[in-house]
Amino acid sequence: NAFLSRSIKVEQEQKVIGLYYGLENDLDLNLKEIAPIVGLSKERVRQLKENALAKLRSTENERLLTEVA
């Protein structure tokens with residue numbers, strides 16, 4: 001199911017961003033430290049982080065954020 005796989009990817013991206021920026025436990029972790037926590041390779045963690053950041057930078061999100069500010 002495409003929706004389920006997309007949902008799992010979003011959850012993984014949220015977890016990676018949370019760990020990378022210390023939003024989950026106040027510790028900023030690097031990709032190598034995050035990989036065993038989420039059970040993925042360091043490269044896959046990097047890809048998820050980049051995808052999540054690209055989504056946050058998207059013009060749609062930018063528009064929403066400027067409306068709130």
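Helices here are DSSP runs of at least four residues, numbered from the N terminus.

**View 1. The protein chain of this predicted model runs α-α-α-α from the N terminus on.** The chain holds 4 helices and 0 strands. It has 69 residues, of which 22% count as buried. Among contacts in the chain with a separation of 6 or more, 36% join residues 24 or more positions apart.

**View 2. Asp26 sits in the loop between helix H1 and helix H2.** Helix H1 covers residues 2-20, and helix H2 covers residues 31-38. Asp26 is not a glycine, yet its phi is positive, at about 60°. The relative accessibility of Asp26 is 71%. Exposed means over 50%, so Asp26 counts as exposed.

**View 3. Arg44 belongs to helix H3, which spans residues 42-57.** Its relative accessibility is 29%. Buried means under 20% and exposed over 50%, with partly exposed in between, so Arg44 counts as partly exposed.

**View 4. Arg44 and Leu31 are shown together with their C-alpha atoms.** The two residues are 13 residues apart along the chain, and their C-alpha atoms are separated by 9.3 Å. Arg44 lies in helix H3.

Notes
Residues numbered from 1 in each chain as written. Predicted model: local features only at pLDDT ≥ 70, side-chain atom pairs only at ≥ 80, totals over all residues. Heavy atoms only, no water. Helix = DSSP H or I, 4+ residues; strand = E, 2+ residues; numbered from the N terminus. Buried < 20%, exposed > 50% of the residue type's maximum accessible area, 1.4 Å probe, protein only. Contact = heavy atoms within 4.5 Å.
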